[in-house]
Amino acid sequence: MSDLPKHVYIQEEGPREGFQIEPGPIPTADKIRLIEALAETGLKHIQACSFVSPKVVPGWADAEATVAGFKAKPGVHYTALWFNENGLKRALAFRDKLAISGTISLAASDAFTQKNLHRTHSENLAAMRKQTAAHLADGVAVRRIGVMAAFGCNYQGDITAAQVISTLEDGFSIAAEAGVEITDFTLADTMGWAIPMRIERVIAEVRSRWPDKRITLHLHDTRGLAVANAHVALGMGIDRFDATVGGLGGCPFAGQKNAAGNICSEELVLLCHEMGIETGVDVDALIEVGRMAESLVGHQLPSELIHAGSLDAFRKAA
């Protein structure tokens, strides 16, 4: 564990990831309340919403109202998600409030690309070329390549490290054509196929090819291994993770209706703190926000910690 980072940066995606999948509808005021509460926990990055088709993702039909409604906390970066030029234009209307940057978003699974975006891999490459050009035309930097289904896919099966490398190479080709420099990768375990051995193998292969690129992991807890996977990644020096408070969310196109969502933010914070890694997040405050999230959605969330409480709470009582 000699490569443990001193500080881990947690990118909270609970509002966006969670409310896109809840049958709801979740009132706009409740979404705003959760976003503002998360900002009081010490988190510095909150993905607030998705600018996507309300026909496909009805849970975010009120994206504009939500972004307009929350009070931004200084020092916190608020972001959003979009998949096409229309979504980008909607996000740009809030350029004074949202930190807007572009991603070349691909999937290592052709089958998932078809299921998620209704495109072939080739069609998605063309779409990403067009989207990258649109970002640059609007003065939006593009520095990241994201790879969905980087560790396996419910529709295609196992994904090899070589497939991840090939997908990243496709992203670099798009970046080179556009004249942009890539600094970051996001590797997403979209459907919860990762195990610690796969995490080690894929990260090692990616790093051997591009040792200077910063890696963010987007881990899902579909099969209960997200914390184990994060532990291994921390040991390899990974210092950026996407996470969701209470384990909100999931992927609506993954073919598993009741699957758990992302790694729980408070469980990741607890893991880091117990390993001596700073996060800047108050774990007890985050647990309370997780309990709020559970009350807002009206059903039990996957997080064990929002029911058990933190270790510090018991240490103080002992």
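Me: Which residue lies over the face of F70, at 4.4 Å from the ring centre?
Reply: Keep in mind that this is a predicted model. A charge counts as sitting over a ring if the NZ of Lys or CZ of Arg is within 6 Å of the ring centre and within 35 degrees of the ring normal. At 4.4 Å from the centre of the F70 ring, the residue over its face is K97.

Me: Thanks! Is G69 buried, partly exposed or exposed?
Reply: G69 belongs to helix α3, and its contacts beyond the neighbours within four places in sequence are I32, E36 and K97. Buried means under 20% relative accessible area and exposed means over 50%. G69 has 39%, so it is partly exposed.

Me: Where is Q47, and does it count as buried or exposed?
Reply: Q47 is found in strand β2. The cut-off for buried is under 20% relative accessible area. Because Q47 has 7% relative accessibility, it counts as buried.

Me: Which side chain is joined to that of Q47 by a polar contact of 2.7 Å?
Reply: Leaving aside neighbours within four places in sequence, Q47 is in contact with residues including E12, P15, R16 and T79. For a polar contact, the N or O atoms must be within 3.5 Å. At 2.7 Å, the partner of the Q47 side chain is R16.

Me: What kind of aromatic pair do F51 and F94 form?
Reply: A pair of aromatic rings is described by the distance of the centres and the angle of the planes. For F51 and F94, the centres are 6.2 Å apart and the planes 15° apart. Planes under 30 degrees apart count as stacked, so the F51 and F94 pair is stacked.

Me: How many residues apart in sequence are the parts that this pair ties together?
Reply: Both F51 and F94 are buried. F51 lies in strand β2, while F94 is in the loop between α4 and β4, so the pair ties together parts whose separation in sequence is 43 residues.

Technical notes: Residues are numbered from 1 along each chain as its sequence is written. This is a predicted model: local features need pLDDT of at least 70, side-chain atom pairs count only at pLDDT 80 or more; totals for chains, interfaces and linings use all residues. Side-chain values use heavy atoms; hydrogens and water are left out. Helices (H or I, at least four residues) and strands (E, at least two) are DSSP runs, numbered from the N terminus. Buried means under 20% relative accessible area, exposed over 50%, partly exposed in between (1.4 Å probe, protein chains only). A polar contact is a pair of N or O atoms within 3.5 Å; within protein, one must be able to donate a hydrogen and the other to accept it, and residues adjacent in sequence count only if both atoms are side-chain atoms. Contact means heavy atoms within 4.5 Å. Rings of Phe, Tyr and Trp (its six-membered ring) pair if their centres lie within 6.5 Å; planes under 30 degrees apart count as stacked, over 60 as edge-to-face and the rest as tilted.
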